[in-house]
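Dear colleague,

Please find below the sequence and structure that I am handing over to you. I would be grateful if you would read the notes that follow alongside them.

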Amino acid sequence: MKTYQVHQDYYAEENSIIEILHLSDFVDSSKYCIANACINTGGWQSWSPSTEVFPGKKQLSLTNPFIKEWNSYLVFPQTKYKPSKNIILGQFITYLRWQDFYLVFASVGNINGILPPVQFIFNRKENTVSLEICDKGNTWKSGDITARIEIFTAQGFFDCKEKLSSIFGKEHFNSVSFLGKKPAGWESWYNHYTNINEKLILEDLQKLIQNKNIINNSFNTSKIFQIDDGWENALGDWHVCEEKFPYGFENIVEQIEESGYIPGLWIAPFIIDSRSLTAREHPEWLLRDEKGKLVPAGYNPLWGKKGSFYCLDLSRDDVIAHLLSVMDIIINKWGFRYLKLDFLYAGMLWGNYTQKTASYKIYSRALQTITSFKKTKKGKDIAYLGCGLPFELSFKTLPLSRIGCDTYEKWKNIPLRILGWNGRNEAFLNVKDTLGHALWNKTIFLNDPDVIFLRSENCRLSSNQKYLIAAVSGMFGSQLMYSDDPVASEEENEMTKLLIDYAEKYENEEFGITQLEENLYEVFTESKRYQGQINLNDDITKIIINENK
């Protein structure tokens, strides 16, 4: 392994290109070059497309010409680079692979400390790797370390995973160890979306308790009951909507606890609707650019004026104090202790901050503040699930995190495909992201692949697709969630039985993966007992695992 420590000494008007590395410094360039390598892109946040880019193929576009607010999701903050025929962009942890031989580039500056996120720029034509850091707004002093890069080779998936594990360690997993080996649970989003209320939530809780389902039948571990988006007054007004929940949350949380579940709640602390009461009372809290315009954090037709929603200015002490107060109410008044923190990337978007500094410092302070509660006032442990989070700045604080885009009750999201949006919610793309981050599971993160689907109603996934999604989640995920109606049909019960049998059969196996083609993967176990294929092509879409004789 080689460790690079890079220094810089100036005010960064834009991101800094701090080093250009030649591939010949690490491997035999007559045998290995970037042009004939499969390149895993890693990704800078949860919804970044993560898959291998094959030789001669172009990386998926990270921008969208139709809805520009979406570009803030996938584009590495403040970069001017775009993927092209010769340029592949990757972040945090990426690798080049030639068959079973890996050359890995990992930005490790946040293992012990806080340094800017790193983007790797792979140049196929020049056979070089440039290192770009997201340091705009920072002032470096002479001798400051601006990045630490670990570069190593590995022979095969498990050798690569073992070396990553030795670099990143296991200490950051301790904060969620109370959840058990593989927590499982139910969440409201993919069945009800924002159409939730007290009556519906309590009915679903009772159904979950009283009926056979995959959570109650297959796991001897912590069980979670999560209330998702739709409970709040408005995006940024984190008060219970009295029309939907007239008696507040205390009684609901008590019933969840008494039922043997950990009460969970969704919140997106760093974004805000400009029409919210909070925004109207504190317009100075919204982040603006140098021209005085609001900084868009994204687009969602359910939120914001004309679908746009915005960033909070996290450099402000009063904003941080406000968020700390919100978390205190959620945890110590209402009693929730599994908090899904969503849309966190918004804390890294550049603006005319009240306190002049770099966004990575602003984000890190805000994240540390809102996760500072480790136990409730009753002494019960708290877990945080990260989503839409900047990977490199968050893995220590949020080891349990989403590692792919949102899933969907359809295999393909045709309208968003037509728009060319590669951060879309889609079952196919979600599975691709989970497979693309297989190396990260239990090394960098406890991967949350999002929910599995068993239901027949309001779902257009085939049986093969449902089984494949659940199998991939089992292989390369550390949490299992579902969102179906807890009263299952006979067909769903049959699928549940299949998945329970699957989980029991491979309970002690560690799976590895090699991408063979764009949508074709080989899977295998470390014990060498099992081997098979995952096929994501539309006309096949299945997983097959065979026992080696």
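The notes below concern the nonpolar core and the salt bridges.

Please bear in mind that this is a predicted model.

The largest nonpolar core has 184 residues, of which Phe105, Phe168 and Phe249 touch the most other members. Helix H8, spanning residues 317-334, gives the most to this core, with eight residues. Apart from neighbours within four places in sequence, Phe249 is in contact with Ile227, Trp231, Val240, Leu265, Trp334 and Phe336.

The count of salt bridges comes to 19. In one of them, the side chains of Arg365 and Asp317 meet at 2.8 Å, N to O. This pair links distant parts of the chain, since Arg365 belongs to helix H9 (residues 359-370) and Asp317 to helix H8, 48 residues apart. Arg365 is partly exposed, with a relative accessible area of 31%, and Asp317 is likewise partly exposed, at 48%.

A salt bridge also joins Asp484 and Arg455, with the closest N and O atoms 3.0 Å apart. Asp484 lies in the loop between strand S23 (480-482) and helix H14 (490-505), and Arg455 in the loop between strand S22 (446-448) and helix H13 (463-476), so the pair ties together parts that are 29 residues apart in sequence. Asp484 is buried, with a relative accessible area of 0%; Arg455 counts as buried at 4%.

Within helix H14, Lys497 and Asp501 lie four residues apart, about one turn of the helix, and form a salt bridge with the closest N and O atoms at 3.3 Å. Asp501 is partly exposed, with a relative accessible area of 36%.

Finally, a network of salt bridges links Arg402, Asp406, Asp448 and Asp450.

With kind regards

Conventions
Residues numbered from 1 in each chain as written. Predicted model: local features only at pLDDT ≥ 70, side-chain atom pairs only at ≥ 80, totals over all residues. Heavy atoms only, no water. Core = buried A, V, L, I, M, F, W, Y, C linked by side-chain atoms within 4.5 Å. Buried < 20%, exposed > 50% of the residue type's maximum accessible area, 1.4 Å probe, protein only. Helix = DSSP H or I, 4+ residues; strand = E, 2+ residues; numbered from the N terminus. Contact = heavy atoms within 4.5 Å. Salt bridge = Lys/Arg side-chain N within 4 Å of Asp/Glu carboxyl O.
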